[in-house]
Amino acid sequence: MRQAGILAAAGLYAIEHNIARLAEDHANADYLSQGLATIAGIEVRPAQTNMVFVKLPEDHRETLADSLKARGIVIRPTPLCRMVTHLDVTRADMDAVIDGFRAYFAKNSKAA
């Protein structure tokens, strides 16, 4: 039960110190989803919280992950990729992700 207390403490800290930031996280997720939605070859669900879900084409998952990793961006190449905005994610980080996806699909759009 000690682990439950540790998790509860983290939750209490978040409630007491970061509730006001949630609107910023949601706005950042919306920014990310709108930027990714402009890229042909992927399907992006509109953000409703601080999570963005991107449907990745099967034949691009691994090569996209490798391309993004070369840019310092790590994703799990799953059919439905989940990206989460939070305190440590900046607009510059989101722009880097959008640019990484855009560059990959611009180069590989014929197979998308």
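Visitor: How much space lies in the largest pocket?
Guide: This is a predicted model. In it, the largest pocket holds about 280 Å³ of space.

Visitor: Which residues are the closest to its centre?
Guide: They are L32, M83, V84, V89 and V97, out of 14 residues that line the largest pocket.

Visitor: And which elements give two or more residues to that lining?
Guide: Those elements are β3 (80-84) and α4 (91-107). The most comes from β3, which gives four residues.

Visitor: What is the lining like by class?
Guide: Ten of the lining residues are nonpolar, two are polar and two are charged.

Visitor: Let us move to the sheet. What is the order of its strands?
Guide: The order is β1-β2-β3, in an open sheet of three strands with antiparallel pairing.

Visitor: Why is one side of β1 and of β3 left without a neighbour in the sheet?
Guide: Both β1 (43-44) and β3 stand at the edges and have a single partner strand each, so one side of each lacks a neighbour in the sheet.

Visitor: How many bridges are there between β1 and β2?
Guide: Two bridges pair β1 with β2 (residues 51-55) in the antiparallel sense. E43 has K55 in β2 as its bridge partner. The two strands, β1 and β2, form a hairpin, and six residues lie between them.

Visitor: How many bridges join β2 to β3?
Guide: Five bridges join β2 to β3, and these strands run antiparallel. Opposite F53 stands R82 in β3.

Visitor: Now the rings. How many aromatic pairs does the structure hold?
Guide: It holds one aromatic pair. The partners are Y104 and F105, in an edge-to-face arrangement with 4.9 Å centre to centre and 85 degrees between the planes.

Visitor: Are Y104 and F105 buried or exposed?
Guide: Y104 is buried, and F105 is buried as well.

Visitor: One last item: what sits over the ring of Y31?
Guide: The charged end of R91 sits over that ring, 4.0 Å from the centre of the ring.

How values were computed. Residues are numbered from 1 along each chain as its sequence is written. This is a predicted model: local features need pLDDT of at least 70, side-chain atom pairs count only at pLDDT 80 or more; totals for chains, interfaces and linings use all residues. Side-chain values use heavy atoms; hydrogens and water are left out. On a 1 Å grid over the protein atoms alone, a cavity is a set of points where a 1.4 Å probe fits but cannot get out, and a pocket is an open set with protein on both sides within 12 Å along at least five of seven lines; lining residues have an atom within 4 Å of a point. Grid points are joined across faces, edges and corners, and a volume is the space filled by probe spheres set on the points. Ala, Val, Leu, Ile, Met, Phe, Trp, Tyr, Cys and Pro count as nonpolar, Asp, Glu, Lys and Arg as charged, and the others, Gly among them, as polar. Rings of Phe, Tyr and Trp (its six-membered ring) pair if their centres lie within 6.5 Å; planes under 30 degrees apart count as stacked, over 60 as edge-to-face and the rest as tilted. Buried means under 20% relative accessible area, exposed over 50%, partly exposed in between (1.4 Å probe, protein chains only). A charge sits over a ring if NZ of Lys or CZ of Arg is within 6 Å of the ring centre and within 35 degrees of the ring normal. Two strands pair if DSSP finds at least two bridges between them.
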